[in-house]
Amino acid sequence: MFDEGSGRPIVVIPGLQGRWEWMRPALGALSARCRAISYSLGAARTFDELVAQVDAVLDRCGVQTAAICGVSFGGLVAVKYAAARPERTSALIVVSTPSPAWTPSPVQARYLASPWRSTPAFLASSPGRMWPEIAAAIDGWPSRLWFCAEHVGRIVAAPIVPARMAARMRLHPGVELVAECARLRARALVITGAPELDHVVPAESTREFVKLIPGARYTMMDRTGHIGLVTQPGRFGRIVGEFVNASS
């Protein structure tokens, strides 16, 4: 679990891989502006159990109300939590999250059907998906290679569990989330990377939340894609920190 910094609290919910450690650079940048809290997703049989995990984290940290930020799959949890717990949600941030209308691509469907068997191919293809973004977001070969080494180190130190990832993907709430979005009253910010650089969740899918959430604001982090929070953590921390600390 991560809990550092002071000021207004923000809980950052990780993506499908479920590990807060993969977001460490972004959490460190946020902790300079707010009290940044994060955790690893636990096993869950229903989506409501994922929502309940956020309550448990807030209770453990002694926090009654916080900004709720969800990254990728974690954004679905954040939206559901903000709709179900308006009294505990001071603001909502949705980052590179698939829309309620999302459906698995053929490649993703094969992964869901056989997660352990598909993992080697998934990992082998990851550099090809991520490198264009890394090259665009980080200037200079030494810095790019240093980032890659550090990020691989975080991944190795906090490994994924393919079966749990697939199980979470199957819990995607789908179009029922549209009604949840319409009920939201917290200030909301939707963040994407550049459309040409996010090869995991299309930016236009995430932008659907701008239409679905009343009064939602939108920010695009150019020169980044799906992992802009770690390729450019200082910029991410500034955007989110300023939103969290803005007057209600």
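Welcome to this structure, a predicted model. The protein chain around them has 11 helices and 7 strands. Its radius of gyration is 17 Å, close to the 18 Å that the globule rule gives for 248 residues, so the chain is as compact as a globular protein of that length.

**Aromatic rings**

- A pair of aromatic rings is described by the distance of the centres and the angle of the planes.
- The count for this model comes to 3 aromatic pairs.

**Charges over rings**

- Arg 144 places its charged end over the ring of Trp 141, 5.6 Å from the ring's centre.
- Over the face of Phe 243 you will find Arg 187, at 4.6 Å from the ring centre.

**A buried glutamate in a loop**

- Glu 21 is found in the loop between strand 2 (9-13) and helix 1 (24-30).
- Its relative accessibility is 16%, and because buried means under 20%, Glu 21 counts as buried.
- Setting aside neighbours within four places in sequence, Glu 21 is in contact with Ser 40, Arg 154 and Ala 158.

- Most residues other than glycine have a negative phi.
- Ser 96, however, has a positive phi near 50 degrees.
- You can find Ser 96 in the loop between strand 5 (89-95) and helix 4 (106-113), and it is buried, with a relative accessible area of 3%.
- Arg 223 is not a glycine either, yet its phi is positive at about 65 degrees.
- The loop that holds Arg 223 runs between strand 7 (217-221) and helix 10 (228-231), and at 35% relative accessibility this arginine counts as partly exposed.

**The chain as a whole**

- The C-alpha trace spans about 45 × 40 × 35 Å along its principal axes.
- Of the 248 residues in the protein chain, 53% are buried.
- Looking at contacts between residues at least 6 apart in sequence, 77% join residues at least 24 apart.
- The accessible surface of the chain comes to about 10900 Å², and 59% of that belongs to carbon and sulfur atoms.

Note on methods:
Residues are numbered from 1 along each chain as its sequence is written. This is a predicted model: local features need pLDDT of at least 70, side-chain atom pairs count only at pLDDT 80 or more; totals for chains, interfaces and linings use all residues. Side-chain values use heavy atoms; hydrogens and water are left out. Helices (H or I, at least four residues) and strands (E, at least two) are DSSP runs, numbered from the N terminus. Buried means under 20% relative accessible area, exposed over 50%, partly exposed in between (1.4 Å probe, protein chains only). Contact means heavy atoms within 4.5 Å. Rings of Phe, Tyr and Trp (its six-membered ring) pair if their centres lie within 6.5 Å; planes under 30 degrees apart count as stacked, over 60 as edge-to-face and the rest as tilted. A charge sits over a ring if NZ of Lys or CZ of Arg is within 6 Å of the ring centre and within 35 degrees of the ring normal. The radius of gyration is taken over C-alpha atoms; the globule rule is 2.2 Å times the number of residues to the power 0.38. Accessible areas come from the Shrake-Rupley method with a 1.4 Å probe; for residues, only the protein chains shown count as cover.
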